[in-house]
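User: Hi! Could you walk me through this model?
Analyst: Happy to, here it is.

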Amino acid sequence: MTRMGRIERRVLGAAVPAVSAVIPSRDGSRGGNVPRLVEALAAQTRPPDEIILAVGFSPCGRAHNAGARAAGGEVLVFFDDDVMPGTDRLIERLLAGLEEAGLAGASQVPPGDASAFARALARGSARSELPVQSAFVETDMATHAAMALRREVYWKAGGEPHDTQRADDQVLRARVRALGLKVGVAAGAWVTHPLPGSLRPYLSARWEDGKAAAHDARVRPDLIYDTPDAGSAARPRVTPRPLRALRWGARFLRQAAGLTPVPLGQLAYAAGYAKGCLLPIDLPAPAPEERAG
């Protein structure tokens, strides 16, 4: 949960940048993917004018706020540190999406070398995969994996929460919509986004997700959105905990019928949530650059 982060900047274009790519990363490497991602962004048909690495900031919302504050571009394009562009026109297409929306994201697909376990997760999960779109589509699947919005919109919306562990990009999407702007996925924009390749790391990740969700429900119940499945046209809503529990149960039963590892992950999530309720952990106070707004 440390907030002793650092900013690394790589300048690629104009001295006064128009487009800033922002990559939050806990260690600045992510197993060697960050350097590969940086090189892939530099090779885009429309490369960013600068790349900002926000290294060591945590949790995710604070990392994005810190990267956004350090960036100088009129447009911010955020990337998770474990993705890779699916096309060399990714940034070009995200920018085109901003002609229709306040926040434009990219479709997500598993890498071509994904394990059989990861592919089973993608089949069974509710929000891990979205096919490439032929036209801009309004959807809640515009996520941190790859998304673009104007700096003015990011801060007018209030940035991302600095007091939550897991509620971050879904809150930003809701805040952008509250400004009267569209949120969706741009045509032809996609990234490969890996999933855990075996059971143990998957269960560990879901356990941590559950603990984080319990923290957020305790400190910011007003920011807990019931997010729709990928491909759904529904908009997320802030719902009471009992209704979320009922939806979780219905989703669990549906996923259990799919013969994938996802139900085991749901049980790990529930166990982590219980742990987070019984032994809550508070976040340290944010540094100024990590604060929303």
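**Burial and overall build**

Analyst: Buried residues make up 52% of the 293 residues in the protein, where buried means under 20% relative accessible area, exposed over 50% and partly exposed in between (1.4 Å probe, protein chains only). This is a predicted model, in which local features need pLDDT of at least 70, side-chain atom pairs count only at pLDDT 80 or more, and totals for chains, interfaces and linings use all residues. Residues are numbered from 1 along each chain as its sequence is written, and side-chain values use heavy atoms, with hydrogens and water left out.

User: How many helices and strands does the protein have?
Analyst: There are 9 helices and 11 strands. Helices (H or I, at least four residues) and strands (E, at least two) are DSSP runs, numbered from the N terminus.

User: Nice. What covers the buried residues of α4?
Analyst: The cover includes α7 (199-219), α8 and α9. The buried residues in α4 (residues 116-124) are Phe117, Ala118, Ala120, Leu121, Ala122 and Gly124.

User: And at what angle do α8 and α9 pack?
Analyst: About 155 degrees, with the axes of α8 (residues 241-256) and α9 (residues 262-278) 9 Å apart. Axes here are lines fitted to C-alpha atoms, for helices over the stretch in contact, and angles run from 0 to 180 degrees between N-to-C directions. The two helices are therefore roughly antiparallel, the word for angles over 145 degrees.

User: Which residues in α8 meet α9?
Analyst: From α8, Arg241, Arg244, Trp248, Arg251, Phe252, Gln255 and Ala256 meet Val262, Pro263, Gln266, Leu267, Tyr269, Ala270 and Tyr273 in α9; contact means heavy atoms within 4.5 Å.

User: Switching topic: what's in the loop between α8 and α9?
Analyst: Leu259 is found there. It has a positive phi of about 55 degrees although it is not a glycine. Leu259 counts as exposed, at 78% relative accessibility.

User: What about Arg30, what is its phi?
Analyst: Near 50 degrees, again a positive value in a residue other than glycine. Arg30 is found in the loop between β2 (19-25) and α1 (33-42), and at 43% relative accessibility it counts as partly exposed.
Analyst: For background, most residues other than glycine have a negative phi, and most peptide bonds are trans.

User: Where is the cis peptide bond, then?
Analyst: It joins Ser58 and Pro59, with omega about 0 degrees. Pro59 is found in the loop between β3 (50-55) and α2 (60-70).

How values were computed: Parallel < 35°, antiparallel > 145°, perpendicular 65-115°, else oblique.
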